[in-house]
Amino acid sequence: MTLRIAIVGHIRHPIAAPFKGGMEAFTHALARMLAARGHEVTLLASGDSAAGLPPGVTLLPICEAHYDARYPWHEYHGTEVLNDHLDECYARAARLLLEGRFDVVHNNALHRFLPRLSRARRVPMVTSLHIPPFKVLRRAVTDGSAPWHLTTVVSERQRGIWYPEGAPATAHVVHNGIDLAHWRQGGVGDGSAVWAGRITPTKGTHLAAEAAQLAGVPLRIYGAIEHRDYFEEAVKPHLHGAVDYGGHLDTAALADAYGRASVALFTPQWEEPFGLAAVEAMATGLPVAATPHGAVEEVIGEAGVIACDDTAEALAQALKQALTIPPARPRARVERLFDADHMVTRFETLYRRAVAARHSQLAQRTYPDFAFRVEAQPRASAAAG
């Protein structure tokens, strides 16, 4: 059955290549693959996401440009000016969703309005929770609880963190998937390591550089410099000898860079929900040496080595061990668990379940309507959650 699907994106960055992070890559790939399967797909995101829009996908801008261009996250996070801007944008998104009469909404935003919109207006919705919970979003997800509002997390670990007292029947684990055609397996490589991702303290770029130098393994670093002070103070001092920075690459160029290496470093310094960068590297045949945070063990499994602690010395030892893993092993793990085709099929099943649940007798009997405004709320009430 063909569906009219609205996908709502996070608006910190454009949903366009070269992707700033995993959420942008995920949203873009999902839109592209759903359209390729014949669904009518509309993307609600920043206006500058129009560059490289997937074939068959329509863009409905909810703001002119991504907010990091005007309100850099590291300067404006938690401020009223950014919060008010986000409220305005997602109030616009809510109105567009109601006007569009879509069959189902896939909510990839991190804003409180849309889960409540689903519950209040009986909008079939799948909300993907890409990050650990924070109070305002957790409250919105709780308020939005309904048979037609399903939630997904990207790992079993995240399901336990989001639902410590036990997940409801509406909560599902759907691992992120990648298009294996874009990440082809390389050879044995040249003995070097590669690190890729957003260059920011939570990603631990500096630790990768320190470990590679201790292990005597050449390292190439790729990614957008999100936190300039961190790069200058913690990463740049290590850019000498066999460690260098190669800029921010698009998918094809990054896949080629992976293909020349022999091992990948993955160094989260926070409760990592998944680890898309690690999966992309694994798909090209790279074993992974990683720090012990979040869902890293669940994602990497037998395809890598996890350091015993967060020190450069422990990571260097893990790096040496990972180099002994044959390239076929990481590729096979990705094919088995993280193929985007499997991911999209799972989401299609959840979309249809949400649509059907909206009209179920249980929903009609136990979920009366309640009011919810789609206008941007005053800051005083918004601060209450």
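**Helix packing, salt bridges and a few buried side chains**

Helix H4 (residues 113–121) and helix H5 (residues 135–143) have axes that come within 8 Å and cross at roughly 10°. The model behind these values is a predicted one. Angles under 35 degrees count as roughly parallel, so H4 and H5 are roughly parallel to each other. On the H4 side the contact involves Pro115, Arg116 and Arg119, and these meet Arg139, Ala140, Val141 and Asp143 in H5. Sorted by class, the contact of H4 with H5 has 3 nonpolar and 4 charged residues, with no polar ones.

Next come the charged pairs. The count of salt bridges comes to 19. One of them joins the side chains of arginine 157 and glutamate 271, at 2.5 Å from N to O. This pair links distant parts of the chain, 114 residues apart: arginine 157 sits in helix H6 (residues 156–162), while glutamate 271 belongs to the loop between strand S11 (263–266) and helix H10 (276–283). Arginine 157 counts as partly exposed because its relative accessibility is 40%, and glutamate 271, at 24%, counts as partly exposed too.

Glutamate 272 also takes part in a salt bridge, its side chain meeting that of lysine 203 at 3.4 Å, N to O. Glutamate 272 is in the loop between S11 and H10, and lysine 203 is in the loop between strand S8 (193–196) and helix H7 (205–215), so the pair ties together parts that are 69 residues apart in sequence. Here both glutamate 272 and lysine 203 are buried.

A further salt bridge is formed by arginine 333 with glutamate 302, where the closest N and O atoms are 2.8 Å apart. Parts that are 31 residues apart in sequence are tied together by this pair, because arginine 333 lies in helix H13 (residues 328–337) and glutamate 302 in the loop between helix H11 (296–300) and strand S13 (304–306). The two partners fall into separate accessibility classes: arginine 333 has a relative accessible area of 8% and is therefore buried, whereas glutamate 302, at 35% relative accessibility, counts as partly exposed. Beyond the pairs, there is also a network: Arg12, Asp68, Arg198 and Glu226 are joined into one by salt bridges that share partners.

Histidine 13 has its place in the loop between strand S1 (4–8) and helix H1 (22–36).

The structure holds 0 disulfides. For cysteine 89, the nearest cysteine sulfur is that of cysteine 63, 4.2 Å away, and cysteine 89 is in no disulfide. The cut-off for a disulfide is a pair of sulfur atoms within 2.5 Å. Cysteine 89 counts as buried because its relative accessibility is 1%. Cysteine 308, by contrast, counts as exposed, since its relative accessibility is 71%.

Terms used:
Residues numbered from 1 in each chain as written. Predicted model: local features only at pLDDT ≥ 70, side-chain atom pairs only at ≥ 80, totals over all residues. Heavy atoms only, no water. Helix = DSSP H or I, 4+ residues; strand = E, 2+ residues; numbered from the N terminus. Buried < 20%, exposed > 50% of the residue type's maximum accessible area, 1.4 Å probe, protein only. Axes fitted to C-alpha atoms, helices over the stretch in contact; angles between N-to-C directions. Parallel < 35°, antiparallel > 145°, perpendicular 65-115°, else oblique. Contact = heavy atoms within 4.5 Å. Nonpolar A, V, L, I, M, F, W, Y, C, P; charged D, E, K, R; others polar. Salt bridge = Lys/Arg side-chain N within 4 Å of Asp/Glu carboxyl O.
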